[in-house]
Structure formats: C-alpha cells, structure tokens
Amino acid sequence: MVAMPAHGPAGDRTQRAALTFRLLLLMALAVGLMSLGTGAAGVPLFQVARDLMSGEGLSHRDQVILMNIRLPRLAMGMLVGAALAVSGALMQGLFRNPLADPGIVGVGAGAGLGAVTAIVLGGVLPAGLAAVVGVHLVPFAAFLGGWAATLLLYRIATQGGQTQVATLLLAGIALGALAGALTGILVYLADDTQLRNLTFWGMGSIAGASWAKIGLGLPLILPVLVFAPLLARALNALALGEAQAGHIGIEVQRVKRVAILGVAAAAGASVAIAGGIGFVGIVVPHLLRLATGPDHRWLLPNAALLGGTLLVLADMVARTLVAPAELPIGIVTAAIGAPVFLWILLQRRGLGGL
Amino acid sequence: MLAARDLTAELARRPVLHGITLDCAPGTLTAIVGPNGSGKTTLLRALTGDLRYGGSARLNGVEIARAGAATLAHLRGVLAQATSLSFPFTVLEVVRLGLTNGGGDARAMAALAEVGLHGHAGRVVQELSGGEQARVHLARVLSQVWEPVTPQGPRWLFLDEPVAALDIGQQLTVMRLARRYADQGGGVVAVMHDLNLSSMFADRVALMQDGRLLAHGTPAQVLTDIHLSRAYGCALRVNTVPQVGGPWLVPQSVGA
C-alpha cells in the first residue's frame, strides 16, 4: 500500500491518489511487457528490442506473433479491463453502492441479449441500413441492450434518490434471467450460419483478440474512458444523496442520464467483443477506494489503469496455468473476484445492513 | 427577500401545502414550527427547489422552480434533515464538496472550526458520531455560502431541523451560528421542533398546521397559549423568560 505523504492537510488524499496513478501507470507498462513475452512460443523480448534498435527489423516469426497475436491480445485486455472497471465505478457512483456491478445486476445479460438479437435478427434490416451499420451492429446492439437494462434497473431499484440494495440485486437477478431466457429463444430460432456466428461470439474472450474486434469496441469504450472523469465531481456530490447533490449545484437528472449511457456503452461494448467477464468492476474500484479513498476524480482514471492491468494479468494466468491449454479468463476473474464480493458483503453486514 | 405567494404542493398526489404566503427578509432568522405532519419540511423543500410547487416562490427575485441548480447553489445552502454518505470520504473531502462558490481548504478548515470539528478533518465521516456527522454537513453548507452578503445580494441558509441530533451544548453552538449568519445580513429559514430554541433565536416564527400558516410574526406574537394549544392539540403554558422577555413554554401537566 502507498504510504501517506507527509505534506497536505489532514484528510487530503490527493497526493496519495496521484502517486497511485503513477505507480499504476508503471505497473501497466511492466505487465504489458511481461504479457508480450509470455505464451506458447518463446519470443525473447531483449532480442526483439536489440533487433529493433539495430535497425535489422524483427524476424518474420516474431513479427507475426507480436503484431497479430500478442499485441492485440494485450490491447484488448487493457481495453476491456478498463471498460469493466470504469463501468463498475460509474455504476457504483450512480447507485451510491459499492456492490453495483454491470455483470452482477443484469446489465451484462442485457448487453448479451442485444448482441444475440443483432446476430440472429440482423438479417431483417434493410440492405441499405445493414451496409451503413455493418460490423458495428453487434456492439451497438449490445450497448442498446445494456442501456435498456441499466435504465430499467434504475427505475426499479431507486426511489426518491435512494437505492435499496436488496431490490437492486434481486431486480438484477430477474433482469438477468429474463435476458437469458430471451437469448435462449433467439438461439433456438437461429439458423446454422447464425448458430456458427453465435458460437464464435459466445466464445469471445480475450483469447479471440484481434485488431478488428478492438476496432469494434474502441468507438464505444474510448469516449467513456476519456470523458468519465468529467462526471467525477457530480458523482462525488451524489454520494451525499440526490437532493444534496442538487443543493450544491449539480444537475442531477442530467448526470444520471449521462452516467447510465456511459455504463451501458463501456459494459455493452466489452460484452460484445469479449463476452461476460465478471467481478473486475467490483474488485478494482473497491481496492482503490481502500487505498486512496472514494474521490471519483482519481477513482475513475486509476480504475481504468488497474482494471486493464489486472485483466491482462488474469489473462496471463489463464493461458499459463494449464498450458498448453487455456482457461477461460472469466473463470480466473470469478475465482478472485467472487470472494472479494463476499468479503465486501460481510464487511457491510457489520455496518448494520447494506 | 424570500417571497412565497399562495404556495401549494403535493406529495404522492395528496395536497400537503394549501396556499402559503410568507415573506422572509434577509438579516432575519425565521423558524418554521408546527406539529409533525403539518408540512414544515414540505414547505422547506418547495422553497429549496426540491419539490414542484404551485403559486410562486422567489428568492432574491428569482423564481425558485425555474432557476438552475448552479444559480440556486450560489444563492443558498441547504442542510437536509439527514444525509447518509454512501462512500468513506474524509471530513475534509466532504466539506470540500461544499466549496462550489470558491474558497479553498482554508475556508473548509474555518467552517470546520465554526462547528467545533477543526481537529477532525482527517477522520472518515462514517466513523464519527451522529451529532458529529450532522455538524460535518453543516460545515459543508456553511462553506458553500460562506459570505452572508455578496455584491449580488444576500445569501440564504435553509436548515431542516439543524439541532435534531445534537446535545444541548451543540444545539446552542449551531443556533448561535445561524443567528450570527442572519446578523451579518444573510437570511436563515429553519424548520424547528424545539419551540424554546425558536423563541430564543428566531426573529420571526411561522406556525404551521395541516399545511396552512396558522400564525406568522415575532415569537411573542406567535407562541401564545391559544395558537399553540390549537396547533399542537395539547395544553401548554407560556411563561416569560425573566432576563430576555421572550416566551418560554412548559407542558401544563404530566397526566392526561
């Protein structure tokens, strides 16, 4: 953990958070390099660096492995991990609760329903429109599905600005089940080609990384990562309650609408390109709040860095633990994340209710 | 000036305020009193822009329902009845949230000193007692409208039961703060349960019953046997404090 700096007034954690940001940046770099050097085929990174600097260029084999396999995998891990962690932090700020996570409360299932709908029913679109949306139809449909689920969840679980956690989690289970059932019906309706597309999409994880997939997710995820910190002050104020946030000058309804869109875009796009990867959105913001406090001005950028780094690490574990086979990365994140979720639950039980 | 004209409001489609007309001048402290369910907090919520209302309510000439959150945040601070903070912020971090109209950590620390919490800036809010948490939020509200008068006009403090969670020493500290804010030219409107504190500190008392204004005037005019027994439905004897001369209330009998 980062030591408290000697300067700054008592109760000020800005410097600690800023220091954490720099450490996370270094960690992301280090883990990124490590992941480039890790895999079934040996690619000696020092040799690669020497080749690059001497101007000789890479061997064809190394170039193919790095550019077509390892680098997209690294980029997708960082992108999806950041999207999961930031959408988790946004959703927790919006619902004023550290247990709200898009994967747990049905937003991921809603996004999945959107993606499957696009694959199965996408053919009914007029040819002109289909040509315009093209390959972006699936991620956009996932975004719409996630958005509808988040909106519905907010309407159900929040009354007068107060979220009942029991309602939130139970409504999330119900929404997830409903989305799952509708997804099942669509899969049942699908023809052979669509089934094959569905299978490929369903297998989606970091393992299927490609520059094309990254290109699909980037337009939805990048704006959220870049612009989420603009909501930070409002989310901090929202921690006081909706009315109180309004009293200090926040346009609460507008902030809520934007935050819901952000959650849906980041969570939906990550589901569309990588499938459901659980618990990153819970664990990362929680660890950061323990280390540097809940100030969203730092929580959101730090969550992006730590989320990306942790997912790349989890991916390295997934592909080395049972090598030459690979574990699905969702198993790794759930094995680490579910106990942390239970741990938060137990801690909050001590506080007298959720 | 705070001017409410024929103000009405509903909660869950049930009318709760029936045509309230009320003027509060800057430089005065107005206590809104009345029995539970008489509409005190509803009136305050309408006046702070939290609740849609019929009729008109203007703060320094600005129609409250049509003003944006930022405009209102410059004009007035609001201390809600209870604030539950959802993440473990420190005391300093919470007071900083109130610094929407400028002023740095120096102002935050000064506001904490005003409420007697200057040594607590580094504590996590949830670890404090209920009374301390209430004062943290008061410090946050104070730091928002730190100067009672700006070149644009007077500022306002709206307080919903500001002393409910406090011991008697802290009650006096908070009421003196409110009093001084009014003496320096700001306006204070406070929903109060304690009639004696209202009598001691308020310039004007607005007595409510069933969503109507039963009486409005100085404490001596409003806090009378007739008004109070009608509003509260119980017998209260109004005495006079020897040194101060204001009314002082004692329940008339212990038995039924």
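User: What makes β9(B) and strand β10 (residues 187-191) of chain B partners in a sheet?

Analyst: In this predicted model, 5 bridges join β9(B) to β10(B), and the two strands run parallel. Two strands pair if at least two bridges are found between them, so β9(B) and β10(B) count as paired. One residue of this pairing can be named: Asp160(B) stands opposite Val191(B) in β10(B).

User: Which strand pairs with β9(B) in the parallel sense over 4 bridges?

Analyst: That strand is β6(B). Within this pairing, Gly77(B) has Leu157(B) of β9(B) as its bridge partner.

User: Why is strand β9 (residues 156-160) of chain B called mostly covered?

Analyst: A residue is buried if 20 or more other C-beta atoms lie within 10 Å of its own, and 5 of the 5 residues of β9(B) are buried. Both faces are covered: Trp156(B), Phe158(B) and Asp160(B) lie on one side, while Leu157(B) and Leu159(B) lie on the other. In a regular strand the side chains alternate between the two faces of the sheet.

User: What makes β6 and β12 (212-217) of chain B the edges of their sheet?

Analyst: The sheet is open and has 6 strands, in the order β6-β9-β10-β3-β11-β12 (chain B), with mixed pairing. β6(B) and β12(B) each have a single partner strand, so one side of each is left without a neighbour in the sheet. From one strand to the next, the twist averages 15°.

User: How do you know that strand β3 (residues 29-33) of chain B is joined to β10(B)?

Analyst: There are 4 bridges between β3(B) and β10(B), which run parallel. The cut-off for pairing is at least two bridges, so this pair qualifies. Ala31(B), for instance, has Ala190(B) in β10(B) as its bridge partner.

User: Which strands does helix α9 (residues 225-232) of chain B touch as it packs on the sheet?

Analyst: Helix α9(B) touches β11 (204-209) and β12 of chain B, and its direction makes about 155° with that of β12(B). Another helix, α5 (residues 130-144) of chain B, lies across β6 and β9 of chain B and runs at about 175° to β6(B).

User: What covers the buried residues of α1(A)?

Analyst: The cover includes α3 (60-95), α13 (280-292) and α14 (296-320) of chain A. The buried residues are Ala17(A), Thr20(A), Leu24(A), Ala28(A), Val31(A) and Ser35(A). Helix α1(A) itself covers residues 14-36 and reaches 33 Å from its first C-alpha to its last, close to the 33 Å expected for its 23 residues.

User: How many residues of chain B are in contact with chain A?

Analyst: In chain B, 26 residues are in contact with 23 residues of chain A. The element of chain B that gives the most to this side is α3(B), with 4 residues. By class, the side of chain B that touches chain A has 13 nonpolar, 10 polar and 3 charged residues.

Terms used:
Residues numbered from 1 in each chain as written. Chains lettered and ligands numbered in written order. Predicted model: local features only at pLDDT ≥ 70, side-chain atom pairs only at ≥ 80, totals over all residues. Expected span 1.5 Å × (residues − 1). Buried ≥ 20, exposed ≤ 12 C-beta atoms within 10 Å, placed from the backbone. Contact = placed C-beta atoms within 7 Å. Nonpolar A, V, L, I, M, F, W, Y, C, P; charged D, E, K, R; others polar. Axes fitted to C-alpha atoms, helices over the stretch in contact; angles between N-to-C directions.
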